Amino acid sequence: MALSRIASSSHASNLLKPLSTALSIRRLISSDSTVPLTIETSLPFISHKCDAPPRAVDTSASELFSFFRDMATMRRMEIAADSLYKAKLIRGFCHLYDGQEAVAIGMEAAITKKDAIITAYRDHCTFIGRGGTLLEVFGELMGRICGGSKGKGGSMHFYRKQTNFFGGHGIVGAQIPLGCGLAFAQRYSKEENVTFTLYGDGAANQGQLFEALNMAALWDLPAILVCENNHYGMGTAEWRAAKNPAYYKRGDYVPGLKVDGMDVLAVKQACKFAKENALKNGPLILEMDTYRYHGHSMSDPGSTYRTRDEISGVRQERDPIERVRKLLLAHDIASEKELKDIEKQVRKDVDDAIAKAKECPMPDPSELFTNVYVKGLGVESFGADRKEVRATLP
Amino acid sequence: MATLFQGVGAVTPFSASSSLDSNKLLLPSRKSLSISDSRGSIFVYRSDALNLKAATRKQDLLIPNAVATKGETSTSAKSGHELLLFEALHEGLEEEMERDPRVCVMGEDVGHYGGSYKVTKGLAEKYGDLRVLDTPIAENSFTGMGIGAAMTGLRPIVEGMNMGFLLLAFNQISNNCGMLHYTSGGQFTIPIVIRGPGGVGRQLGAEHSQRLESYFQSIPGIQMVACSTPYNAKGLMKAAIRSENPVILFEHVLLYNLKERIPDEEYVLSLEEAEMVRPGEHITILTYSRMRYHVMQAAKTLVNKGYDPEVIDIRSLKPFDLYTIGCSVKKTHRVLIVEECMRTGGIGASLTAAITENFHDYLDAPIVCLSSQDVPTPYAGTLEEWTVVQPAQIVSAVEQLCQ
């Protein structure tokens, strides 16, 4: 269990409890302490053509605390989105990320907002990680103008230019060449930043991945390709779709690393390692072994191609939030009650955001024609009836 | 006030050799004819009936002269420099790369090889391998890469060795290039230029003779332009690079060796404007790219037969310059569209719909659209000739329309 591994960390002396009994709340390490802690990852890294990073991860109490809070926010947000979808306030496609939060959070902890992230359609939590607000998420999901893309993108099109989050793409695999383009631009402008291009185990069989990998390796682009392997490509298990499901090895000449994607500290360590490596040696593949509790999207129950036992088994043993909770309790950074309070607060924040988003208006019909072109072309565009809705493209 | 005088059509015959002097193909601006049509009245017009006002409408700091007959005036005959169309593209590209360090080129064989049509010759030596990037043969991903780079603010120019290969990149062009500005709520602009030669060449075979204008025209958010002379090739190339919208620049395989004299001073053309090639009174002929030359050849025959066609090179395939076209339709009341695109769903089909919708009352006759046959381009030379519109067909179509 987590306790035994933590006890073997090098800061074992810090775990000795103080002798004073006057305080009612015995806090060894306060939750906003930035004193470094070293915690070991639960599983070793498996590497391909590179040296694996060490298992001991540097973190701090405040960081762990923020992990818990952010992951709880993401989890709550996705569950709320589930209910909103069933209440028909969110339509179309809604791909939920619950279970995979550790990947988004761990990645953010290892990089800066100047590094670029691009992902596919399971992007709600990545958007939050990059600085998006709950209001923007719910607004966009419900198609209101307060949404991140003014309601014109939807669930699959979240972007945040100021923090270098490049979306949000609906077509499987199409974001991979875009990600290489971002890395190309970083190399072109000689910035010391990297691009994390996320894709899934389903997209790992796309040709454009290998084309982009070839180019990135050819020109030493600082691109890190992260395969979020949740073991199911839509409704098909990975072993039925890929001859070689060891995605971290499929880069062949590109080094790869397999990471336990449910362990936020392992993700953080891997991303930190990847960033250092990519800036020196070119592209790298990270395979995050993760799991999604929901189906592929809201129209998929998620139980026809896997058993409920499997899902609940993963939830019991590998849930990322539970892992951090145990760490926080074991290191005495927070008490049970405090964590429960956080969860309550998160629930309230999410409910407030939903209520606010519900009050937000739908976009005006004139918004149909904005942002088609950048510059005004004076082009006329019509709605279906060619009479009522008729505008000059601004 | 009517002035009657006999026009002298002193033009040299059209030669199908590889090096053409496009100046000789243009009819002199000062000419007019008097003919009587079926209604018995005499048609005359004053010379130099040029739409200069329309052309200058949208230009602010650009040399606005979109009229191709500018090269005829004797005062400017010796100024400027003569070059071939691919050299004009090269010049435009180089000037833009010099001006803005964010402009970069990527494509197959553009760097060390110098470009398969020599448009990027010498640029890799001058600007380095990263700025003039030789890509592997992976259209989908290098177009995607260009779009990703454009999202960050770079201004890439993606060259397809042949337009037909860009079909492999259709997903990237449609979803990511065209729609990203919209789906991101205006956060990202994609100032990319996608260019390449297309069209029917000399027995290149079906897969290498495709006209992609028709496939790309419905993609919302992109602009499409087709160049036809060295003058407009350079101007459109520069305008496309400076534009914040994604632009697809269609060149033609057979037009790369056209020679023309272009001005020394810098000029940028407007992407959304059509070019008045030959003003006229009887019929409006709308065309673009290589068909412009077939139309001008037919125009010679027509002039000798007594017709007065107005020829407009539409240049902007998306959006159409309905202003210039509309002014012309209101004047002549008859429209003939001559294009190299396929019959079904081509540019001509959209243009017919657009003109009918907007200018229906001004039309005296149904719009006739001459396009290529709906067949894959055959290899045999004689068959290939029959897939595209030939001048003789244009002449007979005009005669039929003007009855």
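This is a predicted model: local features need pLDDT of at least 70, side-chain atom pairs count only at pLDDT 80 or more; totals for chains, interfaces and linings use all residues.
Residues are numbered from 1 along each chain as its sequence is written, chains are lettered from A and ligands numbered from 1 in the order in which they are written, and side-chain values use heavy atoms, with hydrogens and water left out.

**View 1. The interface of chain A and chain B.** In this interface, 43 residues of chain A are in contact with 48 residues of chain B (heavy atoms within 4.5 Å). The rule finds 17 residue pairs in polar contact across the interface, both residues at pLDDT 80 or more (a pair of N or O atoms within 3.5 Å, one able to donate a hydrogen and the other to accept it within protein; residues adjacent in sequence count only if both atoms are side-chain atoms). Helices α6 (175–188) and α7 (207–218) of chain A each supply at least two residues of the side that touches chain B (helices are DSSP runs of H or I, at least four residues; strands are runs of E, at least two; both are numbered from the N terminus). The largest share of that side, nine residues, comes from α6(A).

View 2. A:Phe184 and A:Tyr188 form a tilted aromatic pair, 5.9 Å centre to centre with 45° between the planes (rings of Phe, Tyr and Trp, the last by its six-membered ring, pair if their centres lie within 6.5 Å; planes under 30 degrees apart count as stacked, over 60 as edge-to-face and the rest as tilted). Both residues lie in helix α6 of chain A, four residues apart, about one turn of the helix. A:Phe184 and A:Tyr188 are both buried (under 20% relative accessible area, with exposed over 50% and partly exposed in between; 1.4 Å probe, protein chains only).

**View 3. A stacked pair in chain B.** The ring centres of B:Tyr231 and B:Tyr267 are 4.5 Å apart and their planes lie at 15°, so the pair is stacked. Because B:Tyr231 lies in helix α8 (residues 230–242) and B:Tyr267 in the loop between β11 (258–262) and β12 (275–278) of chain B, the pair ties together parts that are 36 residues apart in sequence. B:Tyr231 counts as buried at 3% relative accessibility, and B:Tyr267 counts as buried at 1%.
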